[in-house]
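Open the model in your viewer and keep the selection panel at hand. Each stop below says what to select and what is there.

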Amino acid sequence: MTLATVLMGVLASGPAHGYDIKRVHDERFPASKKLAFGQVYATLGRLERDGLVESVETSQDGGPERTVYALTAKGEWHLRDWLASTEPAGPYVADELVRKTVTAVHTGADAVDFLRRQRAVHLDAMRALVRERERSTSVGERIAVDHALMHLDADVRWLDEARERVANHDTRSHR
Amino acid sequence: MSPTPEPLLSGLELRKSFGSTTALNGASIEVRAGEIVAVTGPSGSGKSTLLHCLAGVLVPEVGTLTYRGSRLDHLPADERTRLRRVEFGLVLQFGLLVPELTALENVALPLLLERRRRTDARAAAMHWLDRLGVGDVAQSRADQMSGGQAQRVAIARALVTGPQVVFADEPTGALDTLTGERTLEVLLGAVRETGAALVVVTHDNRVAAHAEREVVLRDGTTEHAGASR
Amino acid sequence: MRPLAVTLALAGGWGRAALVAGATALVSGLLLVAIAMARLWEQPAWTGDEWVLGAVRDPGTRPGAILGVLVLTLPLVLLLDQAVRLGTTARRRRFAALSVAGATRRDLRRWGAVEVGLPALLGGVLGVPVWWLLGRIHTLEGTTLVPTSVGPGPWAVVAILLTGAYGALVGIRLGSRVDLDVARRAGGDRPPRPWSALLIVLAPALLVVAGDSDPVSLAMVLLLVAGIAGLAPWTAYVVARAIASRTARPALLLAARRLQADPRPAGRAAASVGAVGLTAGVLAVFVPDVLATQTYDEGYYLGPALVAAVGAAVALVAIAVSLAVHLTESVLERRREMAALVATGVPMSVVSESQRLECLVSTVPLSVVGSALGGIGYAAWAGGDGLFVLPAVLVTGAACALACWLVSLVLRPWLLEALQPEHLRTT
């Protein structure tokens, strides 16, 4: 469901065509793979079916179909809820964290608060892993836990740095 | 649900400046008996200053420090020094051992200051050095040891008087990852065994993950502590 | 742009350069006095316009007088050595940075030589006005301390160049020890060795080889004095180590291990104090002896005795000053260690006491030994009443203790500042 919410995040700035939605997404996440149009329209279709997004106008003067999509009130609520909730810490969550944080920044949500709470979740997970490692006796288990710990640590360091950047940017733009 | 026990050591709304720099600006922290707390935050956030205030090394300009129910910041300097010697144990980042003394003498020093007999003091010191795995450097001078060995000797020195609270300022800061981890495990093991509380200042999240909870400092103020179980 | 030499000379700061120049000036002045005294031998004895003390005019006692003047330079050389070692850590860092930037060992030695040699040379030149000033001093009977009919003459240049060269040599040694010190921690690794014992052994050997005569006696005394003085650092090291392994008193343990780690300044101070004690002991037998024998020209003997006493007092002051300088600098260099000491629960009073003990252990024992040796030795050799030796020993010991107490008093503000927890900060 991540792509769906990220596209909703794009629509939070205002209604847009599918083509513009794809373009803005690719600009926001330069490190990610560029989206395929089929993917975009399929996701938009699902969102429309779930009532989170609606088509606002459809122009059809001889050219290809140009539907403008917009967030519904239910969609806005879902988006806000997603932006505020933390992700469970784990090995494959980094991508999700980046998307959520960037989207939060673009939609003006409180990214700093989210990052702070997410850090606490990550620290809890690290603590659990440390306890697990203390209990284990085999080298194999230990090095496996080491790996997980180091990656979580990398995520936490990114969370801290991202928080600094966002906080600094906020203070600067409020002067 | 059992009521949370009274904190052993607490600092409330602490403020401390050095000249024109404000290091602490309304920081608060509580430490319960036997607890392991990590103090984290970006560099320059006042972590070491908070540690020094809690340990009675510095007196804050504003705020209250309470240890076992009585005001720590109201004690005269000699009594605070004695408290640090007997009830607290301090493991600093640098310069913590007397370079000219041997490891054994460094660890025995707090006991000698408490007027214990020389043989008793040396025996107790040797016992702790062995327990921390550095018995073989007992006769070496402090400035001729590796960083990891010196840290363990410092931990032994901090624990030799049976303190109630141990304070550690970046105990693994100058060490490589594996040595640091081993040193940390040794410290935690010893602290858990004696039932002392531990307050460890660190910028390393993996060190913080060894604590039961974390107090985050930012620009001299504490954020509300991260949740635990 | 300042010439490079001046920049280098001031690299350690104005204060240090001034202290080096000042101490060298005094040493140089005394050397000039000694040379002038020696030049009296070029003249026929008992010339009319010579007003110097009888002890100097008399060719028999002249060697002793010259020896006395030379011995008086030793505490001043001690002060000079201490002044030169000021700011060692800063210099090490400076030289380490320079050698990283491409300076060769020869460069560093050359710069070290200029850094110390230039103020030393200046001090050497200033020795001339010092000599002149010393010549103005008259005793109650109108005699002078310094020969009036002859001066050091062309030998003055030699003396001045010698002091400059000594400074340059010390500077070279400082410059060349940098790369060794960078690899090694301060002090610590190389304990002093008792090579000077060889000189002591050499003395009676000389007697056997060259037979008994005045010059041989003088040489023997010089060898013995040099030998004992040279042994002082090793003795300090051994004694400190022995004390440290037996004591339970924290202040004494700290002081003894500190002395063991850095025995050379203490050893040098002890040697100088020994010389002061020797003088006091000898005087304690000599003066009562003179007063007891009812001669009418007591002044002839008491004059030099008074000069010797004043010289000993001046030497004691110089020793106290150099100890104060050494201790202050060691406190300033180890601020973080001292602050950590207090932070981990060592009371300030114990730290202060350990400094005082460092001073006392360095000076009092050898002052007592020196004065006892001087008194008993002189009484045995010249035949005199040893009644006043014990009081002299006590007075010398008490004077040393008083000096140490004063030094620690002067040091207190620096010590208190160094122990402040602010120095624990790493940011």
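Select chain A. Its radius of gyration is 20 Å, whereas a compact globule of 175 residues would have one near 16 Å. That radius is taken over C-alpha atoms, and the globule rule is 2.2 Å times the number of residues to the power 0.38. This is a predicted model, in which local features need pLDDT of at least 70 and side-chain atom pairs count only at pLDDT 80 or more, while totals for chains, interfaces and linings use all residues. Residues are numbered from 1 along each chain as its sequence is written, and chains are lettered from A and ligands numbered from 1 in the order in which they are written.

The C-alpha atoms fill a box of roughly 70 × 45 × 30 Å. Now colour by secondary structure. Chain A has seven helices and three strands. Helices (H or I, at least four residues) and strands (E, at least two) are DSSP runs, numbered from the N terminus. Read from the N terminus, the order in chain A is α-β-α-α-β-β-α-α-α-α.

Next, colour chain A by burial. Of its 175 residues, 26% count as buried. A residue is buried if 20 or more other C-beta atoms lie within 10 Å of its own, exposed if 12 or fewer, and partly exposed in between, with C-beta atoms placed from the backbone. Then look at contacts, where two residues qualify if their C-beta atoms, placed from the backbone, lie within 7 Å. Take the contacts in chain A between residues at least 6 apart in sequence: 57% of them join residues at least 24 apart.

**Chain B**

Switch to chain B. Here you find seven helices and ten strands. The radius of gyration of chain B is 17 Å, close to the 17 Å from the globule rule for 229 residues, so chain B is as compact as a globular protein of that length. Its C-alpha trace spans about 45 × 45 × 40 Å along the principal axes. Of the 229 residues in chain B, 53% count as buried. Among contacts in chain B with a separation of 6 or more, 70% come from residues 24 or more positions apart.

Select residues 9–18 and 62–67 of chain B. These are strands β1 and β4, which pair in the antiparallel sense over five bridges. Two strands pair if DSSP finds at least two bridges between them. Click Ser10(B): its bridge partner in β4(B) is Thr66(B).

Tyr67(B) has Ser70(B) as its bridge partner in β5(B). Two residues lie between the strands of this hairpin, and Arg68(B) takes a positive phi near 50° there.

Which backbone angle is positive at Glu13(B), although the residue is not a glycine? It is phi, at about 50°. Glu13(B) sits in strand β1 of chain B. Glu13(B) counts as partly exposed because it has 15 C-beta neighbours inside 10 Å.

Jump to Arg115(B). Its phi is near 65°, again positive in a residue other than glycine. Arg115(B) is in the loop between α3 (103–113) and α4 (118–131) of chain B. With 10 C-beta neighbours inside 10 Å, Arg115(B) counts as exposed.

**Where chains B and A touch**

Show chains A and B together. Nine residues from chain B meet ten residues from chain A. On the chain B side, helix α7 (residues 205–208) gives the most, with three residues. By class, that side has three nonpolar, three polar and three charged residues. Ala, Val, Leu, Ile, Met, Phe, Trp, Tyr, Cys and Pro count as nonpolar, Asp, Glu, Lys and Arg as charged, and the others, Gly among them, as polar.

**Inside chain C**

Eleven residues from domain 1 of chain C contact eleven residues from domain 2 of chain C. On the domain 1 side, α3 (54–57) and α4 (62–84) of chain C each supply at least two residues. By class, the domain 1 side has five nonpolar, five polar and one charged residues.
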